[in-house]
Amino acid sequence: MLPADDLAALWLTLKLAATVTLLLLLIGTPLAWWLARSRSWWKRPAQAVVALPLILPPTVLGFYLLIAFGPQGPLGKVTEAIGIGLLPFTYEGLIVASMIYSLPFVVQPLCNAFESLGERPLEVAATLRAGPLDRFLTVVVPLARPGFLTGAVLGFAHTVGEFGVVLMIGGNIPGETRLVSMRIYDHVEAFDYAAAHGLAGVLLIFSFLVLLVLYVFNPRLRTFG
Amino acid sequence: MSADGIRLRMAARRADFSLEVDLDLPGRGITALFGPSGAGKTTCLRALAGLERHAGAYVAVNGEVWQDEARGHFQPVHQRALGYVFQEASLFPHRSVRGNLDYGFRRAGRPASVDREAIVALLGIGGLLGRYPETLSGGERQRVAIARALLTAPKLLLLDEPLAALDASRKAEILPYLERLHARLEIPAIYVSHTTEEVLRLADHLVLIDAGQVQAQGPLARLLERPDLPGQLGRDPCVVFGAQVLGHDEGDHLSELRFGDDGRLWVTRSSATAGDVLRLRIQARDLSLVRQRPAQSSILNLLQGRVAGCAPFQPGQCLVGLDVHGLRLLAQITDRSWRQLGLEVGMPVWVQVKAVAVLD
């Protein structure tokens, strides 16, 4: 069995990943809807910003977030002004950073799903007396289900696996910001390979099982490509 | 504004296309919007439905104003009491046939005026309710789509080339349902088509559209007489319909069938038993017309009918629409015959049927 410290890190990681995934589905859905359907000039720059974390080294992203949310940073001043305090080295800070880091992994599959739907199913629903929200919930959501699943899995997996951003903005506070990836790093640093094996093995098996379940229930799901 | 009828006034301009129409269509029966591809027919239909919004457009249906841009009035699609059948399969793939039918029926508030059973029976989809769209044939999907539209108790039915995506045999399969629908329909319908045959068989009223302009409009018959009609015809026009077996004449090896409004036909002895319904196909080239009832003829099947319309076909040939016992048949005759018989729209004629094919 894993030591209590490792279990706490594991629990914190899963809690963070679940929270981030849920929030990203809430925020990412309208964002992806807009990106998929808008003809605005702002669409292209917005797409580029959303996709940035895909190519930016996580440490770079984490560094900028640390600066921006720090006491001298513009966002740090905002969070202090509205009474939240400073976000770096807190669990809430990790949520915000992870959301930015994992945003494209949720938004892009959703965007693709919305684009491939086309206009027609919505027009059909409208001629059958369905209003805009009704159309979205009863036509778009069920038809874009594979996109939602892919987005959720990728968002979750990337949050579980993040290291660079956590290193920069999270620190290593037990129960607060000490995630599995940090813990494995600590074990390896201390030459405690046995302990590293334990945690790494758990992550490996967990990731495999999540994907396996998804593929079993969605044979046509394509997570990559 | 007339209280009765459908009014569409609109103009649309795109880079390669401009459309300007002012239509005043009858509030009953099927009106065909007819013209070549790209003429602007579908644009008119989408404007009526509110799927496209054009500056300055005006839409009213039997006294109800759906859109009057001059007064800033625009009723969105889902607030217009219309049924729309799209060109290609438009069923929701994640819902069964029953789920598709319920979708509009529920949102329309389960209208009491709608006889659900009757609509399902009319379109012959009672046996499909539990199936999913991906397991249906193209013809079945369109029948479900039509039923789904009718279940919302629309005040106007819009059909955008509902047969265009089907092959010839599927078309032949679905046309009889549309004809039955035509006979029962109490609301106006607008049917977009570029196929002369469909128009001849279904329409009461015709609007000819070409290059974004209305070329002519009026009752079906008169417009189809025009030789300059832009249209497309199938290779072998034919009519498919159902007929009930009344009995057999064993001695002559013949069976007597009843079709439409008590019309009678003799066919080669069928293995079906009395009461069975057979599907028949009569090709346009197997009909001939005579003014007087022939005293003696080798042709067994002689039916009384009336000329409903006429359209040019191949060079020297024309296609005549005939109302026969509540059914519309097509006859392919030469232009010379049309002239020599002195045929006119509305004229009673005797129809000789040279061959009837039993399809099942």
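Helix α4(B) is largely enclosed by the rest of the structure, because eleven of its 13 residues are buried (buried means under 20% relative accessible area, with a 1.4 Å probe and protein chains only). Among these buried residues are B:E140, B:R143 and B:R148, along with B:V144, B:I146 and B:L150. The helix covers residues 138-150 of chain B, and its end C-alpha atoms are 19 Å apart, which agrees with the 18 Å that its 13 residues should span at 1.5 Å a residue (the expected span being 1.5 Å times one less than the number of residues). Helices (H or I, at least four residues) and strands (E, at least two) are DSSP runs, numbered from the N terminus.

The model is a predicted one, in which local features need pLDDT of at least 70 and side-chain atom pairs count only at pLDDT 80 or more, while totals for chains, interfaces and linings use all residues. Residues are numbered from 1 along each chain as its sequence is written, chains are lettered from A and ligands numbered from 1 in the order in which they are written, and side-chain values use heavy atoms, with hydrogens and water left out.

Chain B is divided into domain 1 (6-235) and domain 2 (240-359), with bounds from an automatic or database domain assignment. The C-alpha centres of the two domains lie 29 Å apart.

Strands β10(B) (205-210) and β11(B) (213-219) run antiparallel and are joined by six bridges (two strands pair if DSSP finds at least two bridges between them). B:L206 has B:G218 as its bridge partner. Two residues lie between the strands of this hairpin, where B:A211 takes a positive phi near 50°.

An open, antiparallel sheet of five strands in chain B has the order β14-β13-β12-β15-β21. Strands β14 (263-268) and β21 (357-358) of chain B stand at its edges with a single partner each, so one side of each is left without a neighbour in the sheet. Seven bridges join β12(B) to β15(B), and B:V239 is partnered there with B:I282 of β15(B).

The second largest pocket has a volume of about 740 Å³. Of its 23 lining residues, the closest to its centre are B:P176, B:E179, B:R180, B:G260 and B:L327. The pocket's lining draws at least three residues from each of domain 1 and domain 2 of chain B, and α5(B) gives the most, with eight residues. A pocket here is an open set of points on a 1 Å grid over the protein atoms alone, where a 1.4 Å probe fits, with protein on both sides within 12 Å along at least five of seven lines; lining residues have an atom within 4 Å of a point. Grid points are joined across faces, edges and corners, and the volume is the space filled by probe spheres set on the points.

Note on methods. Buried means under 20% relative accessible area, exposed over 50%, partly exposed in between (1.4 Å probe, protein chains only).
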